[in-house]
Amino acid sequence: EAYEVWARSDEYHNSFLIEPDAVLEAVAKSAKEKGIAYEFSVSPAHGKFLNLLLLSLGAKRVLEVGSLAGYSAIWMARALPDDGEVVSLELDPFLVKAIEENVENAGLSSKVKVIAGPALSSMQTMQPETPFDFIFIDADKANNTNYFIEAKRLMVDNVGQSGGPGEPHVTHPYIEGVRELLRYIKDDIEVEATTIHTVGEKGFDGFLYAYRK
Ligand code: SAM
């Protein structure tokens, strides 16, 4: 399959750029043992990209929408100063427990706070006096536009969706969610945005990066 080329390419690049990481390997192992759909975590290259982006921005407060096993939260928390924080929103109570365990094992409990429950209502009830420097939206794509409206400065993962959004015959709530967000951003004069398709070892994936002017 074509994506195997990209899997080998990721592996090759990672062998130079990403060091073996016992903490993240342990996260992967325990997720697999618990039957968590770990393949929906960002790839190592994407995790490191998020980390470097936060370092470049000097980000201190990060909001994550959709935590899964805490893989991306750990990459992001590592980029923050001692008084920085990742607030991560997760619907599934089983995952909330797993994330807390993984974050503890990574020695990052003081920097990652998980809020259980539907992300949209968690976002809607957040106080405006806690501004976030960066928001990573990576949960149910059907809610992308709602999350975007709440967030405004954001980065949306999986906007590639295997090219689906650009293929008119392909319909799925996830793909419709991406299309709806693109239509919304087209008319939003407060942001500039661009999509980067990444493909890589998963054979799909991408980021939509939006900057609030
Ligand atoms: N960001 C994670 C990473 O890269 O390690 C992967 C997140 S995974 C793609 C999506 C997550 O969003 C799942 O853990 C799922 O349970 C969660 N989710 C789905 N719908 C949600 C909702 N309405 N509110 C909060 N979390 C939700």
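Two strands are taken to pair if DSSP finds at least two bridges between them. On this basis, strand S1 (residues 61-65) and strand S4 (residues 134-137) of the predicted model pair in the parallel sense, with four bridges between them. Within this pairing, Leu63 has Ile135 of S4 as its bridge partner.

S1 also pairs with strand S2 (residues 85-90); these two strands run parallel and are joined by five bridges. Strand S1 is mostly covered, with four of its five residues buried.

For the protein as a whole, the secondary structure consists of eight helices and seven strands. Of the 213 residues, 39% are buried. The radius of gyration is 17 Å, and a compact globule of 213 residues would have a value near 17 Å, so the protein agrees with the expectation for such a globule. Along the principal axes, the C-alpha atoms fill a box of roughly 50 × 45 × 35 Å. Contacts between residues at least 6 apart in sequence were also examined by their separation: 67% of them join residues at least 24 apart.

Phe16 lies in helix H1 (residues 2-17). Phe16 has 7 C-beta neighbours inside 10 Å and therefore counts as exposed, the cut-off for this class being 12 or fewer. Between Phe16 and Val191 the C-alpha to C-alpha distance is 35 Å, at a separation of 175 residues in sequence.

Thr171 is located in the loop between strand S5 (154-157) and helix H8 (173-186). Thr171 is classed as exposed because 11 C-beta neighbours are found inside 10 Å. The C-alpha atoms of Thr171 and Glu100 are 35 Å apart in space, and the two residues are 71 apart in sequence.

Definitions and conventions:
Residues numbered from 1 in each chain as written. Predicted model: local features only at pLDDT ≥ 70, side-chain atom pairs only at ≥ 80, totals over all residues. Buried ≥ 20, exposed ≤ 12 C-beta atoms within 10 Å, placed from the backbone. Rg over C-alpha atoms; globule rule 2.2 N^0.38 Å. Contact = placed C-beta atoms within 7 Å.
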